[in-house]
Amino acid sequence: MGTVIDSHFLALTAIVTVGYQLLFFIITALLKFDKVTDFAGSTNFIILAVLTLVVKGSWHFRQVVLSMLVVVWGLRLGLFLLMRILRWGEDRRFDEMRDNLAKLAVFWIFQAVWVWTVSLPLTVVNASSRNPSIEAADIIGWIMWAIGLFVEATSDQQKLIFKNAPENRGKWCDAGLWKYSRHPNYFGEIFLWWGIFVAATPVLKNAEWLVILGPIFLTLLLLFISGLPLLEESADKKYGNASTYMHYKRTTSPLILLPPALYGKLPAWFKTAFLFEFPLYSRSLPLENW
């Protein structure tokens, strides 16, 4: 098979992504039904992975492996988020959007950009005719993906169990991996997608290296826009006056898993420069508490 619209499948994947997200936007807007939002995002990754693999038709080992890794990640995350929202009810992120079509449209446009951009490394690998032998970068990338998936899936399950326990009602999660990171699930997601990029590098040539924008976009998105800032602000407003929470926040890394005894002793400048402890994560705290 081969070329469809463009040789790197960039236009093909963009059209499919916009169409898929537009479908769910219409469902959400007309039916006021937002339980499928995260499912729509996760399954879009699966569609792009399978589509580009099949359309190219090369079936190189590297292409098959990377496609399978993305499908496994997408299925796991999509089903987990769908089951969670069906159990919890409405998605509170949409409380201010359900009756505001413009805000809702911006969200779905952003989700489409997220899917297409983060998928870039796999898209370009599946579109490529080059098939170099498996090398160290492939193995390293696959291992990174496995570690990232384990951390993301484990922390998601640990938090779900913690939140479902009646005795933990109204508490912040500090169980399991959450003892070592305030957001281990985001660390896992970022790490596994950098793994996908690393495993894609043996195929990349010239301008194709721009697919690094995929993991960079995801990292910046979670660090500065939709991930950590929103959750940190929410937690600070809920628990900011609790001394035990403040101790947890001071001694627990925001992203990278580290022992609290070590992280708590590090100087503030080091945490900011190397461990992502940015001031915006504490902007909702009273100054005297921080």
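This is a predicted model: local features need pLDDT of at least 70, side-chain atom pairs count only at pLDDT 80 or more; totals for chains, interfaces and linings use all residues.

Q: Where does Asn206 lie, and what is its phi?
A: Asn206 lies in the loop between helix 7 and helix 8. Its phi is near 55 degrees, a positive value in a residue other than glycine.

Q: Is Asn206 buried or exposed?
A: The cut-off for exposed is over 50%. Asn206 has a relative accessible area of 63%, so it is exposed.

Q: How do I read the angle between helix 7 and helix 8?
A: Take the direction of each helix from N to C and compare the two. Helix 7 (184-200) and helix 8 (213-224) pack at about 170 degrees, with their axes 9 Å apart. An angle over 145 degrees counts as roughly antiparallel, and that makes helix 7 roughly antiparallel to helix 8.

Q: Which residues make that contact?
A: From helix 7 come Tyr186, Glu189, Ile190, Trp193, Trp194 and Phe197. Helix 8 brings Pro215, Ile216, Leu218, Thr219 and Leu222. Sorted by kind, the residues of the contact of helix 7 with helix 8 are nine nonpolar, one polar and one charged.

Q: What is the angle between helix 2 and helix 5?
A: The axes of helix 2 (residues 37-56) and helix 5 (residues 120-127) come within 8 Å and cross at roughly 15 degrees. Under 35 degrees counts as roughly parallel, and helix 2 and helix 5 are therefore roughly parallel to each other. Their crossing is right-handed.

Q: Which residues of helix 2 and helix 5 make the contact?
A: On helix 2 they are Ala49, Thr52, Leu53 and Lys56, and on helix 5 they are Leu122, Thr123, Asn126 and Ala127. The contact of helix 2 with helix 5 divides into four nonpolar residues, three polar and one charged.

Q: How many residues are in the largest nonpolar core?
A: A core is read as a connected set of buried nonpolar residues. The largest has 41, and Phe45, Leu66, Trp73 and Trp193 have the most contacts inside it. Helices 2 to 8 each supply at least two residues of this core. Helix 3 (61-88) gives the most, with nine residues.

Q: What does Trp73 touch?
A: Leaving out residues up to four places away in sequence, Trp73 touches Phe45, Trp145, Leu149, Glu152, Glu189, Leu192 and Trp193. Apart from the core of 41 residues lies another, of 10 residues, among them Phe162, Trp178, Ala235 and Met246.

Q: Where is the place of Arg130, and what is it in contact with?
A: Arg130 is in the loop between helix 5 and helix 6. Leaving aside neighbours within four places in sequence, Arg130 is in contact with His60, Val203, Leu204, Lys205 and Glu208. At 34% relative accessibility, Arg130 counts as partly exposed.

Q: How far apart are Arg130 and Gln157?
A: Separation can be given along the sequence or through space. Arg130 and Gln157 are 27 residues apart in sequence and 39 Å apart in space, C-alpha to C-alpha.

Methods:
Residues are numbered from 1 along each chain as its sequence is written. Side-chain values use heavy atoms; hydrogens and water are left out. Axes are lines fitted to C-alpha atoms, for helices over the stretch in contact, and angles run from 0 to 180 degrees between N-to-C directions. Helices (H or I, at least four residues) and strands (E, at least two) are DSSP runs, numbered from the N terminus. Angles under 35 degrees count as roughly parallel, over 145 as roughly antiparallel, 65 to 115 as roughly perpendicular and the rest as oblique. A crossing is left-handed if the near helix is turned anticlockwise from the far one by less than a right angle, and right-handed if clockwise. Contact means heavy atoms within 4.5 Å. Ala, Val, Leu, Ile, Met, Phe, Trp, Tyr, Cys and Pro count as nonpolar, Asp, Glu, Lys and Arg as charged, and the others, Gly among them, as polar. A nonpolar core is a set of buried Ala, Val, Leu, Ile, Met, Phe, Trp, Tyr and Cys residues joined through side-chain atoms within 4.5 Å. Buried means under 20% relative accessible area, exposed over 50%, partly exposed in between (1.4 Å probe, protein chains only).
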